[in-house]
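Subject: Structure for your files, with notes

Hello,

Here is the structure we talked about handing over. My notes on it follow below.

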Amino acid sequence: TLFRSIQKRQAEIKSRYADNLQKQQEELGKVMKEFGSPLAGCLPALLQMPILYAMFRFFPSNIDMRGQSFLWADDLGAYDSVLDLPFSIPFYGAHVSGFTFLMAVSTFFYMRLTMANQPAQPQQPGMPNMKVIQQMFPFMMLFFFNKFASGLSLYYFAANVVSLGQMLV
């Protein structure tokens, strides 16, 4: 895999330039430029985690949002039910949340537009296919956000619509 090949190259460089630390650092830098930093993809996500956690806690507990209605949602601090199901789906619930559905649809189109603007990546063994993730992610968002506050889903829906508009313009 990619990680093993990077480790192998790093070990070769360390053994080859064991006596010359400056040359060793220079060659390791070239390897990182060639393959990219392994933490480069994770760092933005790690920086966002405290903000995301705060938002997940803010919307259901904010006293100003309780009882506030918007469109079909009676309470932005609770989930909005546009369709009550006669049965319960495990991990989903017995209702369909309107803003969550709109957020999932907008996420699908946002990801499609984002992936269309990127060059095709070669499939690496052991790595998931990005097209499959693109198709599954909005569906997973339906399950994750269905029981959360409708204000949170509305926020993500609005953010996706604005991002889509920016990309199209």
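I start with the hairpin of strand 1 and strand 2: it has 3 residues between the strands, and F91 takes a positive phi near 70° there. Before going further, please note that this is a predicted model, in which local features need pLDDT of at least 70 and side-chain atom pairs count only at pLDDT 80 or more, while totals for chains, interfaces and linings use all residues. Residues are numbered from 1 along each chain as its sequence is written, and side-chain values use heavy atoms, with hydrogens and water left out.

Strands and overall layout

The chain contains 6 helices and 2 strands. Helices (H or I, at least four residues) and strands (E, at least two) are DSSP runs, numbered from the N terminus. Along the sequence the pattern is α-α-α-β-β-α-α-α. Of the 169 residues in the chain, 27% are buried. Buried stands for under 20% relative accessible area, exposed for over 50%, and partly exposed for values in between, with a 1.4 Å probe and protein chains only.

Strand 1 (residues 81–89) and strand 2 run antiparallel and are joined by 4 bridges; two strands pair if DSSP finds at least two bridges between them. L83 stands opposite V96 in strand 2, and D84 stands opposite H95 in strand 2. Strand 2 (residues 93–97) is largely enclosed by the rest of the structure, because 4 of its 5 residues are buried.

The largest pocket

The largest pocket has a volume of about 650 Å³. Its lining has 21 residues, and those closest to the centre of the pocket are Q48, F137, M141, Y156 and N160. The search used a 1 Å grid over the protein atoms alone; a pocket is an open set of points where a 1.4 Å probe fits, with protein on both sides within 12 Å along at least five of seven lines, and lining residues have an atom within 4 Å of a point. Grid points are joined across faces, edges and corners, and the volume is the space filled by probe spheres set on the points.

Which helices each supply at least two residues of the lining? They are helix 3 (42–61), helix 4 (98–116), helix 5 (130–145) and helix 6 (150–168). Helix 4 gives the most, with 6 residues. By class, the lining has 15 nonpolar, 6 polar and no charged residues. Here Ala, Val, Leu, Ile, Met, Phe, Trp, Tyr, Cys and Pro count as nonpolar, Asp, Glu, Lys and Arg as charged, and the others, Gly among them, as polar.

Aromatic pairs

The whole structure holds 6 aromatic pairs. Rings of Phe, Tyr and Trp (its six-membered ring) pair if their centres lie within 6.5 Å; planes under 30 degrees apart count as stacked, over 60 as edge-to-face and the rest as tilted. W72 and F99 are a stacked pair, because their ring centres are 4.6 Å apart and their planes are at 25°. W72 lies in the loop between helix 3 and strand 1 and F99 in helix 4, so this pair ties together parts that are 27 residues apart in sequence. W72 is partly exposed, at 37% relative accessible area, whereas F99 is buried, at 1%.

F139 and F143 form an edge-to-face pair, 5.2 Å centre to centre with 70° between the planes. These two are 4 residues apart in helix 5, so about one helical turn separates them. F139 counts as exposed at 52% relative accessibility, and F143 is partly exposed at 27%. Ring pairs also link F145, F148, Y155 and Y156 into a cluster.

Other residues

T107 lies in helix 4 and is buried, with a relative accessible area of 7%. Its side chain reaches the backbone oxygen of M103 at 2.7 Å.

Y17 sits in the loop between helix 1 (2–16) and helix 2 (21–35) and counts as buried at 18% relative accessibility. Y17 and E27 are 10 residues apart in sequence and 8.9 Å apart in space, C-alpha to C-alpha.

F56 lies in helix 3 and is partly exposed, with a relative accessible area of 26%. From F56 to F148 the separation is 92 residues in sequence and 8.0 Å in space, C-alpha to C-alpha.

Regards

Terms used. A polar contact is a pair of N or O atoms within 3.5 Å; within protein, one must be able to donate a hydrogen and the other to accept it, and residues adjacent in sequence count only if both atoms are side-chain atoms.
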